[in-house]
Amino acid sequence: MKRRAAVIGLGHQACEDHLPGLLGSGRAELVAICDSDPEILRERQKSLQVPAFTRAADLLDAVCPDFVIVAVPHHAGRAVIEECSARGVHVLKEKPFATSLAEARELTAICQAGQVELMVTLQRRFNPIYTSVVQFLDQIGTPFLIDGRYTFHTDDPGAGWRGDVKLAGGGCIIDMGYHLIDLLLWYFGLPSRVIADFSATALPEAGYDAEDTAVIQLGYESDLYGSVLLSRWAAPKTEKLHVVGTRGSVLLTKGHLQRLDLNGTVVEELARPHAPASASTAQIDYFCRVLDGERPNTSGPEQHLAHAAFIASCYESKAAGRYIDPKEML
């Protein structure tokens, strides 16, 4: 029997990833949708033919789903999680986990009190290209240098709630940067020092205060160090992680993984030219396995306290003008 799932928040991420992922799932079925915009709700209900609600609480009470996919603006996530926890409804939440380290701690306690599973959506963890990086890293000797980049250009980087620090919790670091931060923590763990510099001045007349561009420097006790560039203003669109070691390097780009020798010659590579655009179905099916006790929840609140600490250290280091150890924030 399939798990009964609802989607709360019908923005771009839900429509591009989560709804198609649910419709393709073999372990879950869509039973309801929710959005605060009645017009968007009517349009989606017409095509999906499931009950529709403007309030999350009403959906939870009327439909009683097994779990919900929460894809709401950052500042609205906490209230939805609280409603779900109070009813014992599990949550698959669009990143970020929380808007601050303090909120991350509080949400962890809320999920524990309600005895609900919460898993943060990170589709790259369900893509074989990204899961193969660890095996490639084992073949380049001792890694000592990281060069990470995630950039693209949008004409209005501060549009809507994403440009407001109070609503979003930050700018490109906590939003788009969450994916690259997750890769760093996945492959290397939490660094011992972080310092960030960033600005919200790419479009001065727009009046937003959430950073549009950031540079993060980080280092580990193992002498591994590097930098990450994030920007929603800087073209061209780039997503890469380059790790240099004593015997070669690994270059990860979207849908492509290469191992290079010391001269930069490709030794081996993996690509997914015919892969689906999203790994949402695999992620949803995995969450169902978590709920069925077949898999561990490797992207739960406890794990994402580390993400929140990394992000908090970026913002604190900017204010303090010095390196911050994110481990000391946990």
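Strands E11 and E12 form a hairpin with 2 residues between them. They run antiparallel and are joined by 6 bridges. Strands here are DSSP runs (E, at least two residues), helices are DSSP runs (H or I, at least four residues), and both are numbered from the N terminus.

Before going further, a word on the model: residues are numbered from 1 along each chain as its sequence is written, and side-chain values use heavy atoms, with hydrogens and water left out. Because the model is predicted, local features need pLDDT of at least 70 and side-chain atom pairs count only at pLDDT 80 or more, while totals for chains, interfaces and linings use all residues.

## The whole sheet

Strands of a sheet pair through backbone hydrogen bonds, either parallel or antiparallel. Here, 8 strands form an open sheet with mixed pairing, in the order E8-E9-E10-E7-E11-E12-E13-E14. Two strands count as paired if DSSP finds at least two bridges between them. The edges are strand E8 (193–199) and strand E14 (266–271), each pairing on one side only. From one strand to the next, the twist averages 10 degrees.

Follow E12 onward and you reach strand E13 (residues 256–260), which runs antiparallel to E12 and is joined to it by 5 bridges. In this pair, Val-250 stands opposite Arg-259 in E13. The hairpin of E12 and E13 has 2 residues between the strands, and Gly-255 takes a positive phi near 80 degrees there.

Angles run from 0 to 180 degrees between N-to-C directions, and axes are lines fitted to C-alpha atoms, for helices over the stretch in contact. Helix H9 (residues 177–188) lies across E7, E9, E10, E11 and E12, running at about 160 degrees to E7.

## Helices side by side

Now meet helix H3 (residues 56–63) and helix H4 (residues 77–87), which pack at an angle of about 20 degrees with their axes 10 Å apart. H3 and H4 are therefore roughly parallel (angles under 35 degrees count as roughly parallel, over 145 as roughly antiparallel, 65 to 115 as roughly perpendicular and the rest as oblique). Ala-57, Leu-60 and Asp-61 of H3 make the contact with Glu-83, Cys-84 and Arg-87 of H4, where contact means heavy atoms within 4.5 Å.

H4 also has helix H5 (residues 101–114) as a partner: their axes come within 9 Å and cross at roughly 15 degrees. That makes H4 roughly parallel to H5. Arg-78, Ile-81, Glu-82 and Ser-85 in H4 meet several residues of H5, among them Leu-107, Ile-110 and Cys-111.

## A closer look at His-74

His-74 is in the loop between strand E4 (67–70) and H4. His-74 is buried, with a relative accessible area of 7% (buried means under 20%, exposed over 50%, partly exposed in between, using a 1.4 Å probe and protein chains only). Leaving aside neighbours within four places in sequence, the contacts of His-74 include Lys-95, Pro-96, Trp-161 and Asp-175. His-74 and Trp-161 are 87 residues apart along the chain, and their C-alpha atoms are separated by 8.6 Å.
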